[in-house]
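The chain is shown below.

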Amino acid sequence: MKLPSIDQTSPILIAGPTASGKSELALQLAETYGGVIVNADASQVFDCWRVITARPSAADEARAPHLLYGHKPFDAAYSAGHWLREIKTLLESESHERLIIVGGTGLYFNTLTKGMADIPATPPEIRAEADQVSLSKLLADLEEDTRERIDCNNRMRVQRAWEVQRATGRSLTSWQDDTPPPTLPLAQCIPLHLVSDKEWLEDRIRRRFDMMIAAGALEEVEQMLSRYDPSLPSCKAIGVPELISYRRNLISLDEARERASVATRQFAKRQRTWFRSKMHNWHSIHLR
């Protein structure tokens, strides 16, 4: 793995698809150059899933300090805006170490390095209304410019755009076009994009499910069974719906494995597409 020159103070960003080894690279950089590892993965902010979302283990956390992992309850509202505000606090702290920001949520990195529109919070009643609307109806209600600029297969992104339009009377893209300057421009950090061979990555994804089971994923599901709510972002993490269905005797463990592997591969494909289109100015680190 060939890395660019690493100076003594610049924040380091590490983005890449699921199962590509981002967290281990972050640990190696923290141990070599110093720094605190900061989460940029939307599923890893919740305290209910460590194994299923591949949050750093206790042993990993002993190797270097970690922030913004598992710090929100399972039913908390959390968005890119919440994350960006927390990152700003860390960057503005006079005592903080170098930040090594790592994760697979491209939107988080986009808001950090390109800026984020100051969109008002969605009223609870509008969110509740949106939860009951089908994806096709949400899409049909969006203005054309928004449909052309978002991932129309991603329910969360589509619903967010619908809620903004419904609550403010302006399209999401209209708000985004009024975006203020970024919190952390690329020129002020070391942005690393992990690029992997498709077959290599898919092999790691296929092996991940059994590793997750061996590490205690079923025990996590058992603890959350009575609180599981498929409408919550925390409960949409890949592997959660599949293992809940298994625990409720709706599918076999083999079927859960297959469904989770397919969902993970599809997610990784969407991540790779996002990173290719949004991160062409990052340092590409080829894993194979």
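At 6% relative accessibility, Ala19 counts as buried. The model discussed here is a predicted one. Ala19 sits in the loop that runs between strand S1 (12–15) and helix H1 (22–33). Its phi is near 70°, a positive value in a residue other than glycine.

Ala54 also has a positive phi, about 60°, although it is not a glycine. Ala54 belongs to the loop between strand S2 (36–39) and helix H2 (58–63).

## Nonpolar cores

Which residues touch the most other members of the largest nonpolar core? They are Trp83 and Ile101, in a core of 44 residues. Helix H3 (residues 80–92) supplies the largest share of this core, five residues. Another core, of 17 residues, lies apart from it, and includes Ile12, Ile14, Leu27 and Leu192. In soluble globular proteins, nonpolar side chains tend to be buried together.

Ile101 has contacts with Ile12, Leu13, Ile14, Val38, Ala40, Trp83, Ile87, Phe109 and Leu112, when its neighbours within four places in sequence are left aside.

## Arg85 in helix H3

Helix H3 also holds Arg85. Is Arg85 buried or exposed? Its relative accessibility is 51%, so Arg85 counts as exposed, the cut-off for that class being over 50%. Arg85 and Leu112 are 27 residues apart along the chain, and their C-alpha atoms are separated by 9.7 Å.

## Helix H13 and its two partners

Helix H4 (residues 106–114) packs against helix H13 (residues 253–278) at an angle of about 20°, and the axes are 10 Å apart. H4 and H13 are therefore roughly parallel to each other, since angles under 35 degrees fall in that class. The crossing of the pair is left-handed. On the H4 side the contact involves Gly106, Leu107, Asn110 and Lys114, and on the H13 side Trp274, Phe275 and Lys278. Sorted by class, the contact of H4 with H13 has three nonpolar, two polar and two charged residues.

Helix H10 (residues 198–215) packs against H13 at an angle of about 140°, again with the axes 10 Å apart. H10 and H13 are therefore oblique to each other, because only angles over 145 degrees count as roughly antiparallel. Their crossing is right-handed. H10 contributes Lys198, Leu201, Glu202, Ile205, Arg206, Phe209, Asp210 and Ile213 to the contact, while H13 contributes Leu253, Ala256, Arg257, Ala260, Ser261, Thr264, Arg265, Ala268 and Arg272. By class, the contact of H10 with H13 has eight nonpolar, two polar and seven charged residues.

## Helices H11 and H12

How are H11 and H12 placed relative to each other? The axes of helix H11 (residues 217–224) and helix H12 (residues 240–247) come within 10 Å and cross at roughly 75°. That makes H11 roughly perpendicular to H12, because the perpendicular class covers 65 to 115 degrees.

In this pair, Ala217, Leu218, Val221 and Glu222 of H11 meet Leu243, Ile244, Tyr246 and Arg247 of H12. The contact of H11 with H12 has six nonpolar, no polar and two charged residues by class.

Asp141 is in helix H6 (residues 135–141). Its relative accessible area of 30% makes Asp141 partly exposed. Not counting residues up to four places away in sequence, Asp141 touches Trp162 and Gln165. Asp141 and Ile101 lie 40 residues apart in sequence, and 36 Å apart in space from C-alpha to C-alpha.

Thr146 is placed in helix H7 (residues 144–149). With 1% relative accessibility, Thr146 counts as buried. Leaving aside neighbours within four places in sequence, Thr146 is in contact with Ala161, Ser171, Leu172 and Thr173.

Terms used: Residues are numbered from 1 along each chain as its sequence is written. This is a predicted model: local features need pLDDT of at least 70, side-chain atom pairs count only at pLDDT 80 or more; totals for chains, interfaces and linings use all residues. Side-chain values use heavy atoms; hydrogens and water are left out. Axes are lines fitted to C-alpha atoms, for helices over the stretch in contact, and angles run from 0 to 180 degrees between N-to-C directions. Helices (H or I, at least four residues) and strands (E, at least two) are DSSP runs, numbered from the N terminus. A crossing is left-handed if the near helix is turned anticlockwise from the far one by less than a right angle, and right-handed if clockwise. Contact means heavy atoms within 4.5 Å. Ala, Val, Leu, Ile, Met, Phe, Trp, Tyr, Cys and Pro count as nonpolar, Asp, Glu, Lys and Arg as charged, and the others, Gly among them, as polar. A nonpolar core is a set of buried Ala, Val, Leu, Ile, Met, Phe, Trp, Tyr and Cys residues joined through side-chain atoms within 4.5 Å. Buried means under 20% relative accessible area, exposed over 50%, partly exposed in between (1.4 Å probe, protein chains only).
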